Amino acid sequence: MRRTGATPHHPRSALRLLCALLLVTTGGAAASPAAAAAPETDGPARGPGSPASSAFDRLVPAPASVRPGGEPYRIGPGTAIRVDDSPASRRIGEHLASVLRPSTGYALPVTTRQGKGGITLKLGAARQSGGGPGGASADGAGETAAAGGAEDGKGPGSGTGAAAGGDGTAAAESYRLHSAPGGVTVTAPRHAGLFRGVQTLRQLLPAAAEADTRQPGPWTVPGGTVTDAPRFTHRGAMLDVSRHFFTVEQVKRYIDQLALYKINKLHLHLSDDQGWRIAIDSWPRLATHGGSTEVGGGPGGHYTKDDYREIVSYAAERYLEVIPEIDMPGHTNAALSSYAELNCDGVAPPLYTGIEVGFSSLCADKEITYDFVDDVVRELAELTPGRYLHIGGDEAHATSHEDYARFMDRAQEIVGRYGKTVVGWHQITGARPVEGAVAQYWGTSGDDEQVAAAARAGTKIVLSPANRAYLDMKYDEDTPLGLSWAGYVQPEQSYSWDPGSYLRGAPESAILGVEAPLWSETLETGDDIEFMAFPRLPGIAELGWSPADALDWADYRQRIATHGPRWEALGINYHRSPQIPWE
């Protein structure tokens, strides 16, 4: 758990442009001549609070620009999905086909044969009109990806910049989707962008397209053009598998849900006081003993190395980068119980199944502690193709400040030795963050001079304010799951803040992005995950993707209301918040 005080903070963005010419319907009715001539707009072209009137008005995250107009394209029995001959393009085409085949009943062959019509996924420049989000033009940014798409497998975002286009990685996720009676074309400079564009295409279709049984249709994509790229390169979600263990299949299902909303980082919290969840060959009791329980005394569990590789591969195919976390020097009772020599007194404590925090610590004075860290980091780095490795560092109340700083110095050096970039909770800024380190802020006030000073000195920041982004906070006093130490968090509070200005004293250029953590003290099933994540998760995703001037609660609540039927078709167990006018 992460505990700090709460201070309300509700920045509001500018109201969006009103455009009454959006007349294209989800059912695919032809647009009027006026709509066909509608100007391009930034984000959904609708005034705040007005009903969602077309499929373009339902997109989440809000795109950088939309030009609605023209006749729709209708997917039919003869529709093919056309791709180039790279394995990555074919995988993306098959991903789209796998979504649409059950509901439409159509064959939707994925083919490299040239032809007219159908759905075309192609690599090329995804031109941004008006400079794109963040004022960075993606025109010509990012060359055609190499066949196979290996460069995208680690997920986009380089960890060296935040604003779109700042380091070219946002351009790699950019795309252009054009729909007309002759077909739908998604164009992107890299495979990651093609995949993001496919998620937009899914949302332009009726919600029944997500069903796993045949539906009546029709399957129409409204006429128009979406040109899009993300504002921030880090748009993450964290899943705590330590307090309660979740199976590979449960994690994969969550990955699919994250991908629909253009999340590109999956942070897995793999160790804590209550359980150690990844096999480490050089310290086998970490998994077999330390992973044998969970909160409440259940059986726990752990991932074999093959299990973990399966999760990483599945995420990579959906252009999510896995960030593993081994929390230390605190939150380590499962490790301390597994190996007595890691304790300062040489005595192993019993396994822990409660939810208190701050009582455990690795022994900073023992050299074996750093042998342990080296082995764990080395084996985990070998399994993880992504650039980041999270070392926790929060709530180390049982560690003196001197020992904490000394431990973090050595732990960071070890992470760098194995070619990874250090991520830590924001308490790491109280030590000596190495060059390139990332601090994850989970405070609740947006006012922390120590973190802001580190940001000004070059440390990148991922924002996860607990009273905004923590998905395990109760919605209200009657919520059957979750905790409330950071307050009750309804969807409006979760959405109504601007990452670019939230952390006072920190330049927006230091903000790498946002992340929505989901701690599992009270969560035991996949349904529990979904109930706490939806509808708040898509709002956090929009904060990370959409232009700052597109962030408006009154508008967002209308758009996300239209996603209820889509979640029902997908079998997602969502919370029907009274703040949202559900369809």
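This is a predicted model: local features need pLDDT of at least 70, side-chain atom pairs count only at pLDDT 80 or more; totals for chains, interfaces and linings use all residues.
Guide: Residues are numbered from 1 along each chain as its sequence is written, and side-chain values use heavy atoms, with hydrogens and water left out.

Visitor: What makes Cys344 and Cys363 a disulfide?
Guide: The term is given to a pair of cysteine sulfur atoms within 2.5 Å. The sulfur atoms of Cys344 and Cys363 are 2.1 Å apart, so the pair meets that definition. The structure holds one disulfide. The link of Cys344 and Cys363 is right-handed, with 105° about the S-S bond.

Visitor: What does the pair tie together?
Guide: Cys344 and Cys363 both lie in the loop between helix 8 (333-338) and helix 9 (367-383), so the pair ties together parts that are 19 residues apart in sequence. Helices here are DSSP runs of H or I with at least four residues, and strands are runs of E with at least two, numbered from the N terminus. The chain has 17 helices and 19 strands.

Visitor: Why is Cys363 called buried?
Guide: Buried means under 20% relative accessible area, exposed over 50%, and partly exposed in between, with a 1.4 Å probe and protein chains only. Cys363 has 3% relative accessibility, so Cys363 counts as buried. Cys344, at 55%, is exposed. Of the 583 residues of the chain, 63% count as buried.

Visitor: What makes the reach of helix 4 close to the one expected?
Guide: The expected span is 1.5 Å times one less than the number of residues. Helix 4 (residues 191-204) has 14 residues and reaches 20 Å from its first C-alpha to its last, close to the 20 Å expected.

Visitor: Why are strand 1 and strand 4 called edge strands?
Guide: Two strands pair if DSSP finds at least two bridges between them. The open sheet of seven strands has the order 1-9-6-7-5-3-4, with mixed pairing. Strand 1 (65-68) and strand 4 (110-111) each pair on one side only.

Visitor: How do you know that strand 3 and strand 5 pair?
Guide: Strand 3 (residues 81-82) and strand 5 (residues 119-123) have two bridges, in the parallel sense, and at least two are needed, so the strands pair. Ile81 stands opposite Ile119 in strand 5.
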